[in-house]
Amino acid sequence: MTQAAQAGAADWASNHSDQAPRGELIKRLADELIKASAELSVVPPLRDRVLNMDLDDAYRIQDLQLQHHQANGRALAGRKVGLTSLAMQQQLGVDSPDFGYFFTDMVHHEDASIPADSFISPKVEPEFGFVLKKTLTGPGVTREQAAAAIGEVYAAIEIIDSRIQDWDIKLVDTVADNASCGAIAVGTTPLDVRIEDLAEVSCSLVIDGEPVATGKGSAVMGDPIAPLAWLANVLGEQGVSLEAGQLILPGSFTSAMPVVADSTATADFGELGRLSIKFT
């Protein structure tokens, strides 16, 4: 290594690790994201600030935020699986799913008017919303067990947002930032669809009356039940169950599309139903 390269490496270590023990740095980054979420501000990409940052680091940062919010009285409403479609993986340059959480105060319903300025740079994704009728505890949850745990299926829209500056994210950045979750909208009337037919269901994302993207349930990991089993098993390894009554979003039918004030977004499931929300 040249002297200049050695100096550059030393500068990187000084600037990005802050010479702090890894655990302290992880905690500090979690605190930064908590503050950014409250203030609608952004932070630099985390992958450049933790030496050899991996998914374990990212999920630790995510979990510290979850613990903070729950300790301050926020109630967990459910979980989301992200990056399950090829479209979303290509859009963000990753090749594996991730997961996050959302609280009851982040859930909206049909025809909701949602302030656009309550987000930094929002985008929307059309999804299924599964309400569980049975608790799922992994590891070892099969697809059949996951399917049997689904009670009602609703039209849903996830509003994704990023506390990472300029949406400059890789997998570890979005995982640490709660899988880029901003809010959830879910219908009030279940879709009249058989669980075994979910992969064949089509959904269009409509922005201001214009269809901008269309996908099928099979775009969600080939089978929208697969992410539910995957999530139950990943969380099960951490001693966490998916509880009956929780709302689970298994992933988007399409790539995400940006919205602004006065936009209307609709997840259109054709004859099965639709869900619309407006940004004010």
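Me: Why does leucine 40 count as partly exposed?
Reply: Its relative accessibility is 37%. Buried means under 20% relative accessible area and exposed means over 50%, with partly exposed in between (1.4 Å probe, protein chains only). So leucine 40 counts as partly exposed. This is a predicted model: local features need pLDDT of at least 70, side-chain atom pairs count only at pLDDT 80 or more, and totals for chains, interfaces and linings use all residues. Residues are numbered from 1 along each chain as its sequence is written, and side-chain values use heavy atoms, leaving out hydrogens and water.

Me: What makes the phi of leucine 40 worth a note?
Reply: Phi is near 55°, a positive value in a residue other than glycine. Most residues other than glycine have a negative phi. Leucine 40 is found in the loop between α2 (22-39) and α3 (55-71). Helices (H or I, at least four residues) and strands (E, at least two) are DSSP runs, numbered from the N terminus.

Me: Why is asparagine 52 called exposed?
Reply: Asparagine 52 has a relative accessible area of 65%, so it is exposed. Asparagine 52 lies in the loop between α2 and α3. Its phi is positive too, about 55°, although asparagine 52 is not a glycine.

Me: What makes the peptide bond from glycine 138 to proline 139 cis?
Reply: Its omega is near 0°. Most peptide bonds are trans. Proline 139 sits in the loop between β5 (123-132) and α5 (143-149).

Me: How do you know that aspartate 57 and arginine 22 form a salt bridge?
Reply: Their side chains meet at 2.7 Å, N to O. A salt bridge is a side-chain nitrogen of Lys or Arg within 4 Å of a carboxyl oxygen of Asp or Glu. The pair therefore qualifies. Aspartate 57 lies in helix α3 and arginine 22 in helix α2, so the pair ties together parts that are 35 residues apart in sequence.

Me: How many salt bridges does a search of the whole structure find?
Reply: The search finds 14. One of them joins aspartate 223 and arginine 143, whose closest N and O atoms are 2.6 Å apart. This pair links distant parts of the chain: aspartate 223 is in the loop between β9 (210-216) and α7 (226-236), arginine 143 is in helix α5, and they are 80 residues apart. Aspartate 223 is buried, with a relative accessible area of 18%. Arginine 143 is partly exposed at 27%.

Me: Why is strand β8 called largely enclosed by the rest of the structure?
Reply: Five of the six residues of β8 (residues 202-207) are buried, so the strand is largely enclosed.

Me: How do you know that β8 and β9 pair?
Reply: Two strands pair if DSSP finds at least two bridges between them. β8 and β9 have six bridges, in the antiparallel sense. They therefore count as paired. Serine 202 has lysine 216 in β9 as its bridge partner. The hairpin of β8 and β9 has two residues between the strands, and there aspartate 208 takes a positive phi near 50°.

Me: What makes β8 and β12 a pair?
Reply: Four bridges join β8 to strand β12 (residues 264-268), again antiparallel. Isoleucine 207 stands opposite alanine 265 in β12.
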